[in-house]
Amino acid sequence: MNLPWGRFWSDRKKKAPERFRRRLGIESLETRELLSASVSELPQPEYSAAVAVSQESVSDSDLVVQTTAATTKTKLLAPKSISKGVVATPSTLTVRWSAPTSTDGVTGYEITIRNSKTKAVVGTETVAKDETLSCKFVNLDPKTKYEILITSFGDSDTTDNSKATLKVNATTAAFPNVSIKAVKPGLTSTDVIITDKDKALPFVNGKTVKTYTIQYAPKATSINWDTAQSEEVPVGTAGDSSKGTIAWTIAGLQPGTSYTFRVIATYTEGMGESAKTLTSAAKTSTFKTAVLPAPTISKASYTVVDGEFGLFTTCKQTKTDLFQSGTVTYSLYFSTSTAKSGLIPNARHIGEDLSGTAATFSMKPVAMKTIGELLGDTSSDKPVLLGMKVIYLQLVAEYSDGNGVTAKIYSKVAKLTLPKWYVPV
């Protein structure tokens, strides 16, 4: 039998009201049994925890609020570079800088210098911010590249630890920048010009001294400079400051000799035991002293000497100005043979020597009899000169400066024809 849906549903509720309600889970909503259950009736956990609760009463006035304030540290700024901030000498570097845009937190600067190539620290200095912003490093190597780091610093409790550094690259000056050159070499001396391209003549300024030492030796493939002759140029020697030159005279040289020479510049930085001395030699150079000028027998003629037939010679000498610091002695020689250079073979010294520096002079006349005796005449029966047609004459000049420097030079050989009518007696 078919029933209407509403009636069917109503009959079903009447027949199984409890089962229907449990199935829908609404019994607790109607009875409110779940909400009225006590805590003791609820399921208990398998663990427990004790909780202490303070029973003290606290008034509003007793409340204290604790806060942790965040500390803000000042970030330092790096120093600033300035134009021409570095002054270099061969052994020093002086660096200058300006303060950063803001000096908040800056109490000073740390300056570190290190070798650019090896990074080895050479020195460290500190400068307070209210002091002159410059620092000088001494005892450095010439012509070496360095890095200079200028770092701002402050109180570590209030400033940022990050670096604020100015980096400066600098190179010490080349030392020395000098050269030497001979001018107007004389017979036993020469003037030399020392040229310092930095125009730093020898000077004493209380801390710095620069001197020059000239070394020289006869030219050779290899020179031992430890045994070479040397002269010190005194500090303060006058020079041409506009050209950076000093003139100096080297004496005691051998005439006609080639010399190799150099100048050593010595630069001393500082005073006392801590002074730093640097030395360096310029490139070597060479010059040749003037050659002793040879005399000339300008004329040989015959004359009468103490009633006897004799020989008379007139001579010339050039460049006599070279003998201002010494004297020349002339000696006359003769021989029956000749030579192209040096003293003629089998030469015999005749007459008296003559000293002087005159441009023209005459040797004392010599008797022909004396010449014959020097040739070995022992008998008038057969004179050595009998039948001889010519003899040869030569003048020898010997120079001495009075200080141990001597030199000899020979004239060209002069030919003297004996007269046909001459018969030795």
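This is a predicted model: local features need pLDDT of at least 70, side-chain atom pairs count only at pLDDT 80 or more; totals for chains, interfaces and linings use all residues.
Skipping residues up to four places away in sequence, E147 touches T112, I113, R114, S116, K119, K167, V168 and N169. Its place is in strand β6, which covers residues 145-153. With a relative accessibility of 5%, E147 falls under the 20% cut-off and therefore counts as buried. Two lysines from that contact list, K119 and K167, also turn up as polar partners, side chain to side chain: K119 at 2.6 Å and K167 at 3.4 Å.

Now for the greasy parts. In general, nonpolar side chains of soluble globular proteins tend to be buried together. Here the largest nonpolar core has 29 residues, and the members touching the most other members are F323, Y330, I371, L393 and L395. Two or more residues each come from β17 (308-316), β18 (327-335), α4 (368-375), β22 (390-400), β23 (406-410) and β24 (414-417). Strand β22 gives the largest share, 5 residues. Take I371 as an example: neighbours within four places aside, I371 is in contact with L311, F334, V366 and I391. There is also a second, separate core of 20 residues, and among its members are W97, V106, Y146 and A170.

What about the aromatic rings? The count comes to 7 aromatic pairs. Two of them are set out here.

| Pair | Centre to centre | Angle between planes | Type |
|---|---|---|---|
| Y302 and F309 | 4.7 Å | 25 degrees | stacked |
| F323 and Y399 | 5.9 Å | 35 degrees | tilted |

Are Y302 and F309 buried or partly exposed? Y302 is partly exposed, with a relative accessible area of 27%, and F309 is partly exposed too, at 22% relative accessibility. F323 and Y399, on the other hand, are both buried. F323 sits in the loop between β17 and β18 while Y399 is in strand β22, so this pair ties together parts that are 76 residues apart in sequence. Elsewhere, Y216, Y259, F261 and F287 form one aromatic cluster.

Last, the cysteines. How many disulfides are there? The count comes to 0 disulfides. As a reminder, a disulfide is a covalent bond between the sulfur atoms of two cysteines. C135 is buried, with a relative accessible area of 8%, and C315 is buried as well, at 2%.

Definitions and conventions
Residues are numbered from 1 along each chain as its sequence is written. Side-chain values use heavy atoms; hydrogens and water are left out. Helices (H or I, at least four residues) and strands (E, at least two) are DSSP runs, numbered from the N terminus. Buried means under 20% relative accessible area, exposed over 50%, partly exposed in between (1.4 Å probe, protein chains only). A polar contact is a pair of N or O atoms within 3.5 Å; within protein, one must be able to donate a hydrogen and the other to accept it, and residues adjacent in sequence count only if both atoms are side-chain atoms. Contact means heavy atoms within 4.5 Å. A disulfide is a pair of cysteine sulfur atoms within 2.5 Å. A nonpolar core is a set of buried Ala, Val, Leu, Ile, Met, Phe, Trp, Tyr and Cys residues joined through side-chain atoms within 4.5 Å. Rings of Phe, Tyr and Trp (its six-membered ring) pair if their centres lie within 6.5 Å; planes under 30 degrees apart count as stacked, over 60 as edge-to-face and the rest as tilted.
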